[in-house]
Amino acid sequence: MSAFAPARVIFEREALEYPLGRSLYERFSAEGFKVEFTGSHNRVGTIPGKTPREAYAEAKKTLVFGVRRTLDFQTCKPSAHYQLPLTTSCPGKCEYCYLMTSLPARPYVRAYVNIEEILSRTRQYIDQRKPQITLFEGSATSDPVPVERYTRALADTIRFFGGQEYGRFRFVTKFTDLDTLLDVEHNGRTTIRFSVNIPEIIRAHEHGTPSLAKRLEAAGKVARAGYPVGFMVAPIILDGDPRGIAVYQELLEEIRSRINGLDNLSFEFITHRFTARAEKRIREIFPRTRLPMLGENRRFKFGQFGYGKYVYTPELMEAAKKALISKTKALFPESKIEYFV
Ligand code: SF4
């Protein structure tokens, strides 16, 4: 899995009014990339692809640099107070991506070049709530790591929070290109979480993302650089392997053996769930998917916003919760278990 190199790069004209936008334009032009312009915000009409599947694949190879116009941040309950939008979408192609139904049919990767304006707005949000701590989530609309090699936006953001007594930042990633963050003065105010799963599930469903071994290696590195580190075990698929819950207990053992001597970790557990809309979209883009979405272990649950989702039966959820929480406590007695859903 090599670093993200887009097939096409598109700039909003306004992006060139910012130093980062200008230097990116010069860099991509000099490196021989196909560079184009889009006249209008939020409308990128030149991405090829006749079928939904082709359009999706081409969009994931398209990098757009733009200006974040809305500087009102959306709330991000219950995991943080606000979203902190640095990027949208990501070059990964996970079949169960949490953004599957919220991004457009062509989910191109967009990075913002007005980082200073975004951070200055962040400071206002922090000031409004002082002396309470305000927590910002950097991955509500994307995995922000793949474009970091171009923008250095995460490094700027982490450094910014390093100087904010009343602000905290967190993001979650499946990517491992994090060496540029190791020396940033973070002051322990940014938590880097790694989304992990068993290797078979990663290989079958998380196309274009690094292996579990690479993710754990990166987690060890950032933990040794003093960052608070977390693991998001998701999605927990209980009907994909005949050994069921046991494979996730082995995953926790694998984390333990790779993250040796580091105990101050946090854990989040999310069992697999999907809406009927997501299932339709997944089958459209990945017609040969082997993602288990039917079966006796599932039940339909109405959600608070009127639409429902398919989750595991309460008995199976309870058994998985009990087994994985007790395993986590035994292996990582100092760790914090944030939630199991
Ligand atoms: S890495 Fe995250 S944001 Fe990217 S496709 Fe996978 S789930 Fe979606």
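Predicted model: local features only at pLDDT ≥ 70, side-chain atom pairs only at ≥ 80, totals over all residues.
Trainee: What makes the chain as compact as a globular protein of its length?

Mentor: The chain has ten helices and 16 strands. Its radius of gyration is 20 Å, and the globule rule gives 20 Å for 341 residues, so the chain is as compact as a globular protein of that length. Along its principal axes, the C-alpha trace spans about 55 × 50 × 40 Å, and buried residues make up 52% of the 341 residues.

Trainee: Why are helices α2 and α9 called roughly perpendicular to each other?

Mentor: Helix α2, residues 52-59, packs against helix α9, residues 276-285, at an angle of about 85 degrees, with the two axes 8 Å apart. Angles from 65 to 115 degrees count as roughly perpendicular, and α2 and α9 are therefore described in that way.

Trainee: Which residues of α2 and α9 meet?

Mentor: On the α2 side they are P52, R53 and Y56, and on the α9 side they are R281, E284 and I285. Sorted by class, this contact has three nonpolar and three charged residues, with no polar ones.

Trainee: How do you know whether A153 is buried or exposed?

Mentor: Buried means a relative accessible area under 20%, and the value for A153 is 5%, so A153 is buried. This residue belongs to helix α5, which covers residues 153-162, and, leaving out residues up to four places away in sequence, A153 touches L86, I115 and E148. The C-alpha atoms of A153 and V113 are separated by 8.4 Å, although these two residues are 40 residues apart along the chain.

Trainee: What makes N187 count as partly exposed?

Mentor: With the limits again at 20% and 50%, N187 has 46% relative accessibility and therefore counts as partly exposed. N187 sits in the loop between β9 and β10, and it has a positive phi of about 50 degrees although it is not a glycine.

Trainee: Where is P78, and what is the peptide bond from K77 to P78?

Mentor: P78 is in the loop between β3 and β4, and the bond from K77 to P78 is cis, with omega near 0 degrees. A cis peptide bond also joins K130 and P131, where omega is about 5 degrees, and P131 lies in the loop between α3 and β8.

Key:
Residues numbered from 1 in each chain as written. Heavy atoms only, no water. Axes fitted to C-alpha atoms, helices over the stretch in contact; angles between N-to-C directions. Helix = DSSP H or I, 4+ residues; strand = E, 2+ residues; numbered from the N terminus. Parallel < 35°, antiparallel > 145°, perpendicular 65-115°, else oblique. Contact = heavy atoms within 4.5 Å. Nonpolar A, V, L, I, M, F, W, Y, C, P; charged D, E, K, R; others polar. Rg over C-alpha atoms; globule rule 2.2 N^0.38 Å. Buried < 20%, exposed > 50% of the residue type's maximum accessible area, 1.4 Å probe, protein only.
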